[in-house]
Amino acid sequence: MQTNFLSQQFNAGFLAENFTACPANATICDGTSCVLPEDTFNQTLSVVLSTVLTIMLALVMFSMGCNVEIKNFLGHIKRPWGIFVGFLCQFGIMPLTAFLLSLAFNILPIQAVVVLIMGCCPGGTASNVIAYWVDGDMDLSISMTTCSTLFAMGMMPLCLFIYTKMWTDSDAIVLPYDSIGLSLVALVVPVSFGIFVNHKWPTKAKIILKVGSIVGAVLIVLIAVVGGILYKGSWVITPKLWIIGTIFPAAGYTLGFFLARIAGLSWHRCRTVSLETGMQNTQLCSTIVQLSFTPEQLELMFTFPLIYSIFQLLFALIILGGYRLYRRYCMKTNTDVEKTAEKEDSKSSAEINGGFVSDEMK
């Protein structure tokens with residue numbers, strides 16, 4: 001087993017005066033130098049934080065499930081017009097946008113590949129928390145996140161095969177199907193418990209939801225901070241990747257919203273689809289990148305997933321702030337105005353959606 005060692009040089013005169021200067025855990029100590037085992041503090045810290053964040057995420061998704069009605073959720077699954085629109089955004093708009101941005105900025109092939117990997121990833125769970133705060137359709141949000149993660153097992157290889165052919169062999173990209181599967185389980189199981197609690201004890205579910213939404217907001221910020229601390233890659237990367245990392249999530253939010261509106265979805269569902277489109281599973285992208293490239297290649301683009309994560313969060317907070325200001329100052333009794341518009345929207349799309357009109361629109 002190969003072990004990495006940290007070598008520390010000591011002053012020979014000082015060692016001659018004080019033989020105890022060599023640390024007790026030194027592997028080799030010849031009087032002039034000591035060889036110490038690699039410090040595993042950062043590795044241990046990473047494991048501990050990952051465990052804590054995973055538990056927190058499961059609790060947050062449990063609370064989000066407490067806002068899902070079984071009847072409405074099954075309605076989206078049986079008549080999946082909203083899910084289909086989200087699918088087009090997730091695996092149509094995002095990979096194509098990544099491809100066009102890579103061409104437009106003429107970045108290195110290895111950098112183009114990581115941008116495309118980000119574009120092909122499924123939606124992230126943070127979108128469910130933000131969707132709740134912007135009064136989105138939680139039934140649609142949860143079902144879209146679940147379905148995009150499930151579809152990613154087939155759509156990611158297909159999209160990468162189509163778009164990366166001009167830069168690299170798609171076979172060189174390692175897709176961690178176990179990580180995708182774990183993400184799916186980590187999403188479905190707590191959400192299912194939340195739906196059950198909402199069905200059995202709706203009053204308690206509302207309390208859990210309020211607490212969980214606050215914890216979820218804290219968790220999103222915490223993940224960004226922890227990612228910045230623990231990332232091993234160099235922050236000295238080409239400005240082009242910073243620019244792409246800024247434009248890409250903004251394009252995802254904007255194009256997702258407009259495609260949903262063109263498809264005839266109601267305003268609160270347009271907000272939901274927009275968030276589900278722009279917010280990607282950046283942790284999955286980081287995993288794929290680490291598995292697929294050499295350390296020399298990683299130096300050129302390893303921090304791009306974190307850059308995307310920062311800006312997707314920043315734009316999501318801007319959307320949230322803008323919506324809250326709009327609701328406070330511009331909705332003159334705007335709840336009624338929007339609900340009326342949503343009724344019209346849902347009826348106009350009922351023909352496309354097999355005649356399905358959600359109960360909340362009736």
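M166 sits in the loop that joins α7 (138-163) to α8 (177-200); helices here are DSSP runs of H or I with at least four residues, strands are runs of E with at least two, and numbering starts from the N terminus. The relative accessibility of M166 is 52%, so this residue counts as exposed. The terms used here are buried for under 20% relative accessible area, exposed for over 50%, and partly exposed for values in between, with a 1.4 Å probe and protein chains only.

Together with L96, L100 and L103, M166 makes up a nonpolar surface patch of about 370 Å² accessible area. Such patches take residues with over 30% relative accessible area and no salt bridge, joining like charges within 9 Å and nonpolar side chains (Val, Leu, Ile, Met, Phe, Trp, Tyr) within 5 Å. The areas come from the Shrake-Rupley method with a 1.4 Å probe, and for residues only the protein chains shown count as cover.

## What kind of model this is

This is a predicted model, in which local features need pLDDT of at least 70 and side-chain atom pairs count only at pLDDT 80 or more, while totals for chains, interfaces and linings use all residues. Residues are numbered from 1 along each chain as its sequence is written, and side-chain values use heavy atoms, with hydrogens and water left out.

## The chain as a whole

The protein chain has 15 helices and three strands. Of its 362 residues, 48% are buried. The chain exposes about 18100 Å², and 67% of that comes from carbon and sulfur atoms. Among contacts with a separation of 6 or more, 81% are between residues 24 or more positions apart; a contact means heavy atoms within 4.5 Å.

The unreviewed UniProt entry places the feature "transmembrane region" at several spans, including 83-105 and 175-195. UniProt positions follow the numbering used here, feature names are shortened, and annotations may be inferred rather than shown by experiment. In the model, residues 83-105 are 100% helix and 0% strand, with end C-alpha atoms 32 Å apart. Residues 175-195 are 90% helix and 0% strand, and their end C-alpha atoms lie 31 Å apart.

The buried ones are A126, S127, N128, V129, I130, A131 and Y132.

After α6 comes D135, a residue of the loop between α6 and α7. D135 is not a glycine, yet its phi is positive, at about 60°. With a relative accessible area of 29%, D135 is partly exposed. Another non-glycine residue with a positive phi is N106, at about 50°. N106 belongs to the loop between α4 (81-105) and α5 (109-120), and is exposed, with a relative accessible area of 61%.

## Two salt bridges

The whole structure contains two salt bridges, each defined as a side-chain nitrogen of Lys or Arg within 4 Å of a carboxyl oxygen of Asp or Glu. One joins the side chains of R327 and D135, at 2.6 Å from N to O. This pair links distant parts of the chain, 192 residues apart, with R327 in helix α14 (residues 304-329) and D135 in the loop between α6 and α7. R327 is partly exposed, at a relative accessible area of 34%.

The other pairs D137 with R269, whose closest N and O atoms are 2.8 Å apart. D137 is in the loop between α6 and α7 while R269 is in helix α11 (residues 267-278), so this bridge ties together parts that are 132 residues apart in sequence. Both D137 and R269 are buried.

Helix α11 also holds S274, which is buried at 6% relative accessible area. Beyond its neighbours within four places in sequence, S274 is in contact with G252, Y253, G256 and F257.

## Cysteines without disulfides

A disulfide is a covalent bond between the sulfur atoms of two cysteines; here the cut-off is a pair of cysteine sulfur atoms within 2.5 Å. The structure holds zero disulfides. C159 is in none, and the nearest cysteine sulfur, which belongs to C120, is 4.6 Å away. C159 is buried, at 3% relative accessibility. C147 also counts as buried, at 16%.
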